[in-house]
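Work through the exercises below with the sequence and the structure at hand. Each task is followed by a solution in steps.

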Amino acid sequence: MSIDWTALNAKLPTDRSGAAKAKRKELFSAMDMGNGILSLAEVDKGIRDVLGIDEIFDAKPAIMRAFQIAKKRGKSTRGAMGDDYIEFREFRFFLLSLRQYFEYWEAFSRTDSDNDRRISLDEFKSAQEKMEVWVGPIGDIEGEFAKIDTNGGGMILFDEFCGWAIAKNLDLEDDDDDIVVE
């Protein structure tokens, strides 16, 4: 599947302009069930029904990672209950994270040739050439695989892949990086 990165970025109002903030308020309100905070279920449904981004809606691990990191962005102003949800002040960071983790999910999926949501050593070796376009040279491919496989399970899971992608500053060659991250 080919991702229209420009259209995707246009649906994620992440810059600090007044217009973008107003759009974020509109999106947040449309996703919110009326209590001023967003649950994972509200975010998930909102990605499909409010943002209308089916590609991201189908990338549940990316949604989960972005939600988890955003809700921990700062101490809740709503007490302990708020720490399990996204407040409006965390919503911009959520959108930025969602875009980034979706890029990691897309790279992960392009490497996971059998679509079992795990990357085997054989898949990793087979994808070396395209991964080097995203992260630069990988000298010892088996050693790199072992470093990424932090739980020692013999497969790279999405969480492990994300840690590596962040450390390597992974950047897909075909994505549109024109998203404002001030």
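**Exercise 1.** Find where N115 is located, and decide whether N115 is buried or exposed.

Solution. In this predicted model, N115 sits in the loop that links α6 to α7 (121–126). Its relative accessibility is 61%. The cut-off for exposed is over 50%, so N115 counts as exposed. N115 is not a glycine, yet its phi is positive, about 55°.

**Exercise 2.** Locate N169 and describe its phi.

Solution. N169 belongs to the segment that follows α10 (158–168). N169 has a positive phi of about 55° and is not a glycine. With 61% relative accessibility, N169 counts as exposed.

**Exercise 3.** Describe how helix α3 and helix α5 cross.

Solution. Two packed helices are described by the angle between their axes and the distance between the axes. The axes of α3 (residues 40–51) and α5 (residues 60–71) come within 11 Å, and they cross at roughly 130°. That makes α3 oblique to α5. The crossing is right-handed. Next, list the residues: L40, V43, D44 and I47 of α3 meet K60, I63, M64 and F67 of α5. Sorted by class, this contact has six nonpolar, no polar and two charged residues.

**Exercise 4.** Which residues touch the most other members of the largest nonpolar core?

Solution. The core has 49 residues, and I47, F94, F124, F161, W164 and L170 touch the most other members. Helix α6 (residues 88–111) gives the most to this core, with ten residues. Now take F94: leaving aside neighbours within four places in sequence, F94 is in contact with V43, I47, I63, A66, F67, A70 and I86.

How values were computed. Residues are numbered from 1 along each chain as its sequence is written. This is a predicted model: local features need pLDDT of at least 70, side-chain atom pairs count only at pLDDT 80 or more; totals for chains, interfaces and linings use all residues. Side-chain values use heavy atoms; hydrogens and water are left out. Axes are lines fitted to C-alpha atoms, for helices over the stretch in contact, and angles run from 0 to 180 degrees between N-to-C directions. Helices (H or I, at least four residues) and strands (E, at least two) are DSSP runs, numbered from the N terminus. Angles under 35 degrees count as roughly parallel, over 145 as roughly antiparallel, 65 to 115 as roughly perpendicular and the rest as oblique. A crossing is left-handed if the near helix is turned anticlockwise from the far one by less than a right angle, and right-handed if clockwise. Contact means heavy atoms within 4.5 Å. Ala, Val, Leu, Ile, Met, Phe, Trp, Tyr, Cys and Pro count as nonpolar, Asp, Glu, Lys and Arg as charged, and the others, Gly among them, as polar. A nonpolar core is a set of buried Ala, Val, Leu, Ile, Met, Phe, Trp, Tyr and Cys residues joined through side-chain atoms within 4.5 Å. Buried means under 20% relative accessible area, exposed over 50%, partly exposed in between (1.4 Å probe, protein chains only).
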